[in-house]
Amino acid sequence: IRIGFASYSLAKRQAMEHLLGYNPTSAAQLSDEQIEDETLQWAVDCHIVGVGDEDGDEEPNHTCKYKSLSDLIVASQCATVTESLAYVWQLVARLSQAQETNAVHLITFPAAIPLWNYDVMVTLLQALAISKPLLPPNVQLQLDLFHPDYKHSPRMWSLETHAPFPTIGLQINIQSSTEKKMEEEVEEEVDVDAARTKLQALFDAIDAHHRPNQARDDETPEQALKACQAWMGTT
């Protein structure tokens, strides 16, 4: 009877954790493999990442957030916000140097107790996002936030954002020199068209001195001011 009671209590605890999510104490009781399995199961069940069938014949679900997943990382060695921040940037630097493009990584931080606070996790993501302009111009970085207490809302309202553990979705895309040049040419063409449109509007506007027979010296400052205001109103 005691064994049955213990099994029932364990099953009940696991069911509650699955419904409400983990916390730092319950997460500390899991191995890295268990955390990886839990995170991957959530990602598949909530359509975070698409998967095909066992034979690979079926295409991934295109409604998923990510078409595929390059890696799922359990950063259990990160215990502080600073260590977590450094870990993400080291990963970005490694992927950039390897020229790994269209790579999607999910990084979970089960041992970083401060990151279980949603507001602290948001601050971490903001610190990462504000440094994105410092990346090389051909490196595009997308960051997504998943959290057990996402926006302090009930987990059942948005299962796809309520990860079992504090998690960052990192997607990096490295443009080739050819792609970058084509993009710059498109931007330049758009700028030329915009300038041409603006100049045409100026040429079509009424001339400021619409009374050519009147000499400029005859105009008072007040008349000149009114004429300028009238001309500006037409442009």
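Leaving aside its neighbours within four places in sequence, which residues is Leu 170 in contact with? Before I answer, please keep in mind that this is a predicted model, in which local features need pLDDT of at least 70 and side-chain atom pairs count only at pLDDT 80 or more, while totals for chains, interfaces and linings use all residues. Residues are numbered from 1 along each chain as its sequence is written, and side-chain values use heavy atoms, with hydrogens and water left out.

Now to Leu 170, where contact means heavy atoms within 4.5 Å: its partners are Val 88, Leu 91, Val 92, Leu 95, Ala 103, Val 104, His 105, Ile 107, Leu 141, Gln 142 and Leu 143. Leu 170 also belongs to the largest nonpolar core, which has 28 residues; such a core is a set of buried Ala, Val, Leu, Ile, Met, Phe, Trp, Tyr and Cys residues joined through side-chain atoms within 4.5 Å. Buried here means under 20% relative accessible area, exposed means over 50%, and partly exposed lies in between, with a 1.4 Å probe and protein chains only. The members that touch the most others are Val 88, Ile 107, Phe 109, Ile 168, Leu 170 and Ile 172. At least two residues of this core come from each of helix 4 (81-97), strand 2 (103-108), helix 5 (118-130), strand 3 (139-146) and strand 4 (167-174), where helices (H or I, at least four residues) and strands (E, at least two) are DSSP runs numbered from the N terminus. Another core, of 17 residues, lies apart from it and includes Ala 27, Ala 43, Leu 106 and Phe 165.

Let me turn to helix 3. The buried residues of helix 3 are Ile 35, Thr 39, Trp 42 and Ala 43, and they cover an arc of only 100° around the axis, so they sit on the same side of helix 3; the arc is that of the directions from the helix axis to the C-beta atoms. These buried residues pack against helix 2 (24-28), strand 1 (71-74), strand 2 and strand 3, whereas the face turned away from the buried side carries the exposed residues Glu 33 and Asp 37. After helix 3 comes His 47, whose phi is positive, near 60°.

Finally, consider the loop between strand 3 and strand 4, where Lys 151 is found. Lys 151 has a positive phi of about 55° although it is not a glycine, and it is exposed, with a relative accessible area of 56%. His 152 is found in that loop between strand 3 and strand 4 too, and its phi is likewise positive, at about 55°, but His 152 is partly exposed, with a relative accessible area of 47%.
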